[in-house]
Amino acid sequence: MALLDLQDLQKSYGALAVTQNFSLTVEAGDLVGILGPNGAGKTTLFNQITGTVRPDHGAVWFDGENVTQLDASRRCQRGIARSFQVPHPFVGMTVYENILVGATFGRSTFDPRKLALDVMDKTGMGAKANKLAGSLTLLDRKRLEMARALAADPKLLLLDEIAGGLTDSECISLLDTIRDVHAAGVTIIWIEHVVHALMSVAKRLVVVDFGRKVTEGDPAEVMASPEVKSIYMGEDAHG
Ligand SMILES: Nc1ncnc2c1ncn2[C@@H]1O[C@H](COP(=O)(O)OP(=O)(O)OP(=O)(O)O)[C@@H](O)[C@H]1O
Ligand SMILES: [Mg+2]
């Protein structure tokens with residue numbers, strides 16, 4: 001049984017079809033990369049998985065349960081957590097307090113304070129526990145996004161453009177954290193424009209354009225495919 005099964009999702013905003021005939025299965029333990037041009041509908045897919053947006057048609061199955069009608073907080077309790085493309089922490093709260101919020105409303109029944117401390121260690125935020133979130137650098141805001149999501153003790157972690165804007169060395173350090181989280185048993189779907197970062201950890205790539213799944217498969221094969229070349233380099237997919 002797949003951990004996540006998206007079945008023929010459709011979503012439109014007025015005349016704009018943002019998700020079209022979108023099906024995808026993700027097995028437990030997978031690390032899937034999603035790429036595609038700006039406005040392709042990638043974040044909207046995450047919104048439909050987490051429950052902030054309902055599809056017009058189709059179903060979201062998670063861990064053997066049809067969660068299509070469940071709200072975001074219930075899906076979080078089932079084990080789905082995400083980072084946001086634009087980090088928006090509670091700026092007036094400390095790093096620890098922000099992570100504590102994630103730990104309090106997540107899946108785990110453990111003491112949220114212990115969970116928050118554990119996640120701070122894992123994500124390298126321990127030394128910044130008492131800093132106000134509003135004073136953090138971009139890298140630390142992105143780490144905090146991940147930490148807050150991890151504090152919910154997810155089975156499935158959705159990362160939305162977590163590497164964008166980072167320097168090479170910051171990106172390498174973030175990749176190490178992502179590898180550690182995955183090695184600890186968390187299934188990950190990662191939307192990213194920084195293709196080399198995605199390629200270095202993803203086991204499978206899914207390419208989205210105009211709300212549709214264009215292709216999916218082995219990362220190297222996907223990147224070499226005519227469909228992807230046509231999207232990114234304007235080459236004729238059939239020529
Ligand atoms: N709530 C909304 N109302 C109207 N249009 C929306 C809404 N949310 C998204 N859209 C539109 O849907 C399309 C897909 O947006 P989405 O944010 O999913 O793209 P994306 O692939 O994540 O893009 P990016 O790479 O820039 O983050 C865009 O044209 C966007 O303007
Ligand atoms: Mg997006």
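The model described here is predicted.

**Helix 4**
- The helix runs over residues 112–122, and its buried residues are L115, A116, V119 and M120.
- Viewed down the helix axis, these buried residues fall within an arc of 135 degrees, so they line one face of helix 4.
- An α-helix has 3.6 residues a turn, so residues three or four places apart point the same way.
- The cover over the buried residues of helix 4 includes helix 3 (95–104) and helix 5 (138–150).
- After helix 4 comes G124, which has a positive phi, near 70 degrees.

**Ligand 1**
- Around ligand 1 stand Y13, V18, G36, N38, G39, A40, G41, K42, T43, T44 and Q85.
- Helix 1 (residues 42–50) gives the most to this shell, with 3 residues.
- Sorted by class, the shell around ligand 1 has 3 nonpolar, 7 polar and 1 charged residues.

**The protein as a whole**
- The secondary structure consists of 9 helices and 10 strands.
- The radius of gyration is 18 Å, close to the 18 Å that the globule rule gives for 239 residues, so the protein is as compact as a globular protein of that length.
- The C-alpha trace spans about 55 × 40 × 35 Å along its principal axes.
- Of the 239 residues, 41% count as buried.
- Among contacts with a separation of 6 or more, 65% are between residues 24 or more positions apart.

Conventions: Residues are numbered from 1 along each chain as its sequence is written. Chains are lettered from A and ligands numbered from 1 in the order in which they are written. This is a predicted model: local features need pLDDT of at least 70, side-chain atom pairs count only at pLDDT 80 or more; totals for chains, interfaces and linings use all residues. A residue is buried if 20 or more other C-beta atoms lie within 10 Å of its own, exposed if 12 or fewer, and partly exposed in between; C-beta atoms are placed from the backbone. Helices (H or I, at least four residues) and strands (E, at least two) are DSSP runs, numbered from the N terminus. The arc is that of the directions from the helix axis to the C-beta atoms. Two residues are in contact if their C-beta atoms, placed from the backbone, lie within 7 Å. A residue is near a molecule or strand if its C-beta atom, placed from the backbone, lies within 6 Å of it. Ala, Val, Leu, Ile, Met, Phe, Trp, Tyr, Cys and Pro count as nonpolar, Asp, Glu, Lys and Arg as charged, and the others, Gly among them, as polar. The radius of gyration is taken over C-alpha atoms; the globule rule is 2.2 Å times the number of residues to the power 0.38.
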